[in-house]
Amino acid sequence: MRIEEIFVSLQGETPFAGIPFVFVRLSGCNLRCQYCDTPAALHESPLCRLHFPDGETTLPNPIPLESLRPFLQPFAGYWLSFTGGEPLLQAKEIETFMTLFPHFRFWMETNGTLSHHISSFLLENIEVWSMDIKLPSATTKNLWESHQHFFSSLLKAKTIILKVVLTPTTPIEEMETLWQIFQEWKAQRPDITLVFQPMTHNTHVLTGKAFFWAYEKVLATPDGSLRILPQIHPLLHIP
Ligand code: SF4
């Protein structure tokens with residue numbers, strides 16, 4: 001498996017923010033988002049960095065998964081997030097990882113575009129799918145159809161959280177399209193949550209027209225399916 005880094009910190013996004021997680025950041029991504037905050041993970045690094053509370057070390061990539069056992073064993077029972085980059089580029093390796101280290105609660109952080117990489121094994125064993133919605137203004141690509149396929153493949157997933165990053169220049173027309181799609185998806189999975197995540201620059205949460213559009217929607221939706229939540233780790237100065 002090609003891994004950029006493994007570290008322990010707090011979940012910084014979604015309604016799970018503040019819970020301790022082991023993060024496994026896989027190398028490589030099929031997108032290039034304008035606001036990407038993990039540029040180092042877009043390419044394959046020769047070394048994987050491991051940062052744990054009792055020290056740091058590096059291992060050469062690709063990592064033989066068994067060599068991670070001594071580092072991961074103390075965290076059995078924790079949530080473990082596969083993040084990136086785009087982790088589903090290494091879906092088969094993730095399945096091997098989960099088989100070797102079954103004592104975690106698994107979370108998949110994905111850009112929601114690689115539907116053909118979702119297997120029944122992943123659907124059964126991942127507890128939470130955190131699926132990004134990438135707006136055309138963020139990627140210069142129209143990914144609605146790709147997201148539609150991905151969501152259809154996720155219908156049997158245990159928990160689905162959708163997340164969209166709002167920048168000061170996000171167009172309202174894209175929010176309207178998102179809203180229409182969210183209504184269709186919610187009709188199929190009434191338990192989904194949509195998190196509007198205003199972009200953070202250093203420690204400043206940036207707002208704009210799309211933020212205030214989302215704010216109005218959240219105020220008008222009492223069932224808790226909509227949230228506005230900024231990333232907490234830049235605000236707390238933690239990784
Ligand atoms: S999908 Fe994620 S890792 Fe890939 S470019 Fe976009 S923000 Fe960066």
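Colleague: Which residues surround the ligand?

Modeller: Cys29, Leu31, Arg32, Cys33, Cys36, Thr38, Leu42, Gly85, Asn111 and Lys134 surround the ligand; a residue is near a molecule if one of its heavy atoms lies within 4 Å of it. This is a predicted model: local features need pLDDT of at least 70, side-chain atom pairs count only at pLDDT 80 or more, and totals for chains, interfaces and linings use all residues. Residues are numbered from 1 along each chain as its sequence is written, and side-chain values use heavy atoms, with hydrogens and water left out.

Colleague: How do the residues of that shell divide into nonpolar, polar and charged?

Modeller: The shell has 5 nonpolar, 3 polar and 2 charged residues. Ala, Val, Leu, Ile, Met, Phe, Trp, Tyr, Cys and Pro count as nonpolar, Asp, Glu, Lys and Arg as charged, and the others, Gly among them, as polar.

Colleague: Happy with that. Why is Thr139 called buried?

Modeller: Its relative accessibility is 7%, and buried means under 20% relative accessible area, exposed over 50%, partly exposed in between (1.4 Å probe, protein chains only). Thr139 therefore counts as buried. Thr139 touches Leu31, Arg32, Cys33 and Lys134, leaving aside residues up to four places away in sequence; contact means heavy atoms within 4.5 Å.

Colleague: Where does Thr139 lie?

Modeller: In helix H4, residues 136–139. Helices (H or I, at least four residues) and strands (E, at least two) are DSSP runs, numbered from the N terminus.

Colleague: What makes a polar contact between the side chains of Ser45 and Glu4?

Modeller: The distance is 2.4 Å. A polar contact is a pair of N or O atoms within 3.5 Å; within protein, one must be able to donate a hydrogen and the other to accept it, and residues adjacent in sequence count only if both atoms are side-chain atoms. Ser45 sits in the loop between strand E2 (20–26) and strand E3 (47–52). Its relative accessible area is 15%, so Ser45 is buried.

Colleague: And why is Leu236 called partly exposed, but His237 exposed?

Modeller: Leu236, in helix H8 (residues 233–236), has a relative accessible area of 48%, so it is partly exposed. His237 follows in the segment after H8; at 64%, His237 is therefore exposed.

Colleague: What is the phi of His237?

Modeller: Phi is positive, about 60 degrees, although His237 is not a glycine. Thr14 also has a positive phi, near 70 degrees, but Thr14 is buried, with a relative accessible area of 2%.
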